Amino acid sequence: MKDFSKELSFKTSRSSGAGGQNVNKVETSVTVLWPVVESEFFNEHQKELIQNKLKNRINAEGYLFLTVSESRTQLMNKSKAIEKILELVDKALIVPKKRVATKPSKGQKQKRLDTKKKISEKKENRKFRF
């Protein structure tokens, strides 16, 4: 995991939720902004991956943003926001393995048919005949 936290910028705003009267006075909600295209920590291929996978979180100016208002303190929200955006980008960089299509072997096909036949016979034997 690359630590690109030096490139992050922060905005604060008033948070909703728990905090009592503090909610109306203190800006505890933290929005973290990261310019994806201008990043020096990633190469062009990685930036493209990030832009494709996180396109719903990137605004028109090219900033990846994330808002956190889970905690009552700005400092806690800031550290959670950094942690979450690092994790988000790290997950976006993972390229899934290509699936190789395979066919079942003759033995597997025969085993499946045999078990189907056994179950069918078992159910057939349950029937009452005159």
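Predicted model: local features only at pLDDT ≥ 70, side-chain atom pairs only at ≥ 80, totals over all residues.
What covers the buried residues of α2? The cover includes β2 and α3.

Residues are numbered from 1 along each chain as its sequence is written, and side-chain values use heavy atoms, with hydrogens and water left out.

**Helix α2**

Helices are DSSP runs of H or I with at least four residues, strands are runs of E with at least two, and both are numbered from the N terminus. Helix α2 spans 44-53. Its buried residues are K47, L49 and I50. Seen down the axis of α2, they fall within an arc of 160°, so they line one face of the helix. The arc is taken from the directions from the helix axis to the C-beta atoms. The face turned away from the buried side carries E44 and H45, which are exposed. Buried means under 20% relative accessible area, exposed means over 50%, and partly exposed lies in between, with a 1.4 Å probe and protein chains only.

**Helix α3**

Helix α3 has 19 residues. From its first C-alpha to its last it reaches 27 Å, close to the 27 Å expected at 1.5 Å a residue. That expected span is 1.5 Å times one less than the number of residues. N77, A81, I85, L86, V89 and A92 are buried in α3. They cover an arc of only 165° around the axis, which puts them on the same side of α3. On the other side, L75, E83 and K91 are exposed. The cover over the buried residues of α3 includes β2, α2 and β3.

**The core**

A nonpolar core is a set of buried Ala, Val, Leu, Ile, Met, Phe, Trp, Tyr and Cys residues joined through side-chain atoms within 4.5 Å. The largest one here has 18 residues. Those with the most contacts inside it are F4, W34, F42, I50, L64, I85 and V89. β2 (29-35), β3 (63-68) and α3 (74-92) each supply at least two of its residues. α3 gives the most, with five. Contact means heavy atoms within 4.5 Å. Not counting residues up to four places away in sequence, V89 touches F4, W34, F42, I50, L54 and L64.

**Rings**

The structure holds one aromatic pair. The rings of W34 and F42 have centres 5.7 Å apart and planes at 70°, so the pair is edge-to-face. Rings of Phe, Tyr and Trp (its six-membered ring) pair if their centres lie within 6.5 Å; planes under 30 degrees apart count as stacked, over 60 as edge-to-face and the rest as tilted. The charged end of K78 sits over the ring of F10, 4.6 Å from its centre. That calls for NZ of Lys or CZ of Arg within 6 Å of the ring centre and within 35 degrees of the ring normal.

| Residue | Relative accessibility | Class |
|---|---|---|
| W34 | 0% | buried |
| F42 | 6% | buried |
| T12 | 34% | partly exposed |
| K6 | 74% | exposed |

K6 lies in the segment before β1 (9-13). T12 is in strand β1. Leaving aside neighbours within four places in sequence, T12 is in contact with E27, S29, V30 and Q74. The C-alpha atoms of T12 and V32, 20 residues apart along the chain, are separated by 8.8 Å.
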